[in-house]
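Hi there,

Here is the structure I promised to pass on to you. Have a look at it first, and then read on for my notes.

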Amino acid sequence: MAKKKMKIRAWVDGGKATVKAIIFHPMETGLRKDKASGKKIPPHYITEVKCEHNGKSVLTCYWGPGVSKNPFVSFRFKGAKSGDNLKISWVDNTGDKGSKEAKIG
Amino acid sequence: MNTQRRTFLTASMAAGTVAVAASAGLLVPSTVLAAWPAKAFEAKKLDVAMKEIIGTTKAADSKDIVVEAPDIAENGAVVSVTVKSKIPNTESISLFVPVNAFPLSASYKIAANTDGFVTTRIKMAKTSDVFAYVKAGGKLYKAKKAVKVTLGGCGG
């Protein structure tokens with residue numbers, strides 16, 4: 001498995017948790033051409049991202065090729081406390097996937 | 001596209017990364033790939049994409065939705081967009097860029113205890129409005145923000 005990286009920051013402020021996450025992914029649209037060979041680079045992008053708080057879904061993202069390389073997402077939700085588990089998992093159009101868990105700080 | 005600049009961007013991103021690769025291979029996502037709306041994302045026309053993802057192209061303008069994006073984006077490959085919806089029971093937020101090859105950029109399904117607040121970075125081919133469609137309580141609302149792009153982000 002290629003090196004898959006994700007960064008998650010999550011903290012509680014005033015009863016709400018704020019989450020910021022970056023997934024490292026090329027997000028190829030399939031429209032770009034390789035400069036050297038002139039061939040099209042095949043599409044490779046994340047299609048679905050699930051964010052779960054203690055096993056309960058808080059946000060589902062459906063992404064297309066129009067999302068930037070190394071996609072970033074930030075959101076807020078209620079009912080979290082410090083030390084809770086947050087899991088973000090993703091899958092891309094080639095069937096590749098990854099996930100990461102973090103503690104809410 | 002300027003290769004040197006690309007390399008620099010990639011390198012600076014990598015440098016900022018903490019070593020988190022270790023855990024990535026061990027954890028397998030449990031229930032992903034449920035309902036990604038392929039037709040909506042592959043649609044090349046705005047109205048087709050809208051119909052596929054939200055069922056209609058009609059929505060009421062709302063002042064309770066704020067779309068925050070830069071007035072001028074120097075690099076169309078990375079345009080940070082924040083959508084804030086103050087409408088109660090916000091169920092989903094969808095982002096459209098009409099000038100892109102694939103107009104639907106992203107769609108978010110929002111759980112009951114999650115705020116109507118999402119930030120993402122999207123690509124923009126050229127200067128355009130960014131549309132945010134918000135579904136709340138079974139109704140559709142929309143808002144837009146004009147973004148001027150000085151360097152396109154789709155293709156090169």
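In helix α4 of chain B, which spans residues 46-54, the buried residues include B:Ala49, B:Met50, B:Ile53 and B:Ile54. Together they cover an arc of only 100° around the axis, so they sit on the same side of α4(B). An α-helix has 3.6 residues a turn, so residues three or four places apart point the same way. What do the buried residues of α4(B) pack against? Their partners are α3 (38-42) and the strands β5, β6, β8 and β9, which belong to chain B as well. After α4(B) comes B:Gly55, which has a positive phi near 90°. Please keep in mind throughout that this is a predicted model.

Along the sequence they run in the pattern α-α-α-α-β-β-β-β-β-β-β-β-β. Chain B has 156 residues, and 44% of them count as buried. If you take the contacts in chain B between residues at least 6 apart in sequence, 65% of these join residues at least 24 apart. The accessible surface of chain B is about 8000 Å², and carbon and sulfur atoms account for 56% of that.

Next, the charged pairs. Side chains of opposite charge can pair when their charged atoms come close. How many salt bridges are there over all chains? The count is seven, and three of them are described below.

One of them is formed by the side chains of B:Asp115 and A:Lys16, at 2.9 Å from N to O. B:Asp115 is in strand β7 (residues 114-122) of chain B and A:Lys16 is in strand β2 (residues 16-24) of chain A, so this pair joins two chains. B:Asp115 has a relative accessible area of 11%, so it is buried, while A:Lys16 is partly exposed at 28% relative accessibility. A network of salt bridges links A:Lys16, A:Arg76 and B:Asp115.

Another salt bridge is the one between the side chains of B:Asp71 and B:Lys145, at 2.6 Å from N to O. B:Asp71 lies in the loop between β2 (65-68) and β3 (72-73) of chain B, and B:Lys145 lies in strand β9 (residues 139-149) of chain B, so the pair ties together parts that are 74 residues apart in sequence. Are these two residues buried or exposed? B:Asp71 is exposed, with a relative accessible area of 56%, whereas B:Lys145 is buried at 17% relative accessibility.

Strand β9 of chain B also holds B:Lys144. The side chain of B:Lys144 meets that of B:Asp129 in a salt bridge of 3.6 Å, N to O. B:Asp129 belongs to strand β8 (residues 128-136) of chain B, so this pair ties together parts that are 15 residues apart in sequence. B:Lys144 is exposed at 54% relative accessibility, and B:Asp129 is partly exposed, with a relative accessible area of 23%.

B:Val99 is in the loop between β5 (90-96) and β6 (104-110) of that chain, and at 30% relative accessibility B:Val99 counts as partly exposed. Which residues does B:Val99 touch, leaving aside its neighbours within four places in sequence? The contacts are with B:Ala125, B:Lys126, B:Thr127 and B:Ser128. B:Val99 and B:Lys126 are 27 residues apart in sequence, yet their C-alpha atoms are 6.7 Å apart in space.

Finally, a strand in chain A. Why can strand β3 (residues 46-53) of chain A be called largely enclosed by the rest of the structure? Eight of the eight residues of β3(A) are buried, which means under 20% relative accessible area. β3(A) pairs with strand β6 (residues 85-92) of chain A in the antiparallel sense, over seven bridges. Within that pairing, A:Cys51 has A:Ile88 in β6(A) as its bridge partner. β3(A) also pairs with strand β4 (residues 56-63) of chain A, again in the antiparallel sense, over six bridges. Here A:Lys50 stands opposite A:Thr60 in β4(A). The hairpin of β3(A) and β4(A) has two residues between the strands, and A:Asn54 takes a positive phi near 50° in that hairpin.

Happy to talk any of this through with you.

Best wishes

Conventions:
Residues numbered from 1 in each chain as written. Chains lettered and ligands numbered in written order. Predicted model: local features only at pLDDT ≥ 70, side-chain atom pairs only at ≥ 80, totals over all residues. Heavy atoms only, no water. Helix = DSSP H or I, 4+ residues; strand = E, 2+ residues; numbered from the N terminus. Buried < 20%, exposed > 50% of the residue type's maximum accessible area, 1.4 Å probe, protein only. Contact = heavy atoms within 4.5 Å. Areas by Shrake-Rupley, 256 points an atom, 1.4 Å probe, with all protein chains shown as cover. Salt bridge = Lys/Arg side-chain N within 4 Å of Asp/Glu carboxyl O. Pairing = 2+ DSSP bridges. Arc of directions from axis to C-beta.
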